[in-house]
Amino acid sequence: VEDGKTFEPIEEAVVEVPEEYMGAVVDMLGQRKGQMLDMSTNPTTGTSTVKYSIPTRGLLGLRSNLLTATRGTAIINTIFSHFAEWQ
């Protein structure tokens, strides 16, 4: 808490997933207050990569839900980015 404002940690999440499950991944991260930073597709492998800025609280429990929705094919990497005002 600084100047009466509450801050929370924000992480950068990179998810690599087959294109057929892309809608489920984007929906799931959006529901958890994630903001898409970048999206790219690799046509040779048929996979898409999305980069999100998302509060750490939005990542809690995400991995298991993500693996269930994508039948175990999603790869997610996260790293701390910064602190931001509570969303």
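Modeller: A strand here is a DSSP run of E with at least two residues, and strands are numbered from the N terminus. Keep in mind that this is a predicted model.

Colleague: Is Phe 7 buried or exposed, or partly exposed?

Modeller: Its relative accessible area is 36%. Buried would mean under 20% and exposed over 50%, so Phe 7 counts as partly exposed.

Colleague: How much accessible area does the nonpolar patch of Phe 7, Phe 80 and Phe 83 have together?

Modeller: Happy to say! These residues form a nonpolar patch on the surface. Together, their accessible area is about 330 Å².

Colleague: Which residue meets Glu 8 in a salt bridge?

Modeller: Glu 8 is buried, at 3% relative accessible area. The pair links distant parts of the chain, strand S1 and helix H2 (residues 56–59), 49 residues apart. The N to O distance is 2.6 Å, and the partner is Arg 57.

Colleague: Over which ring does the charged end of Arg 57 sit?

Modeller: Arg 57 is partly exposed, at 33% relative accessibility. Its charged end is 4.1 Å from the ring centre, and the ring belongs to Trp 86.

Colleague: And which residue forms a salt bridge with Lys 51?

Modeller: Lys 51 lies in strand S3 (residues 47–55), and its partner, 39 residues apart, lies in strand S1. Their closest N and O atoms are 4.0 Å apart, and that partner is Glu 12.

How values were computed. Residues are numbered from 1 along each chain as its sequence is written. This is a predicted model: local features need pLDDT of at least 70, side-chain atom pairs count only at pLDDT 80 or more; totals for chains, interfaces and linings use all residues. Side-chain values use heavy atoms; hydrogens and water are left out. A charge sits over a ring if NZ of Lys or CZ of Arg is within 6 Å of the ring centre and within 35 degrees of the ring normal. Patches are made of residues with over 30% relative accessible area and no salt bridge: like charges are joined within 9 Å, nonpolar side chains (Val, Leu, Ile, Met, Phe, Trp, Tyr) within 5 Å. Accessible areas come from the Shrake-Rupley method with a 1.4 Å probe; for residues, only the protein chains shown count as cover. A salt bridge is a side-chain nitrogen of Lys or Arg within 4 Å of a carboxyl oxygen of Asp or Glu. Buried means under 20% relative accessible area, exposed over 50%, partly exposed in between (1.4 Å probe, protein chains only). Helices (H or I, at least four residues) and strands (E, at least two) are DSSP runs, numbered from the N terminus.
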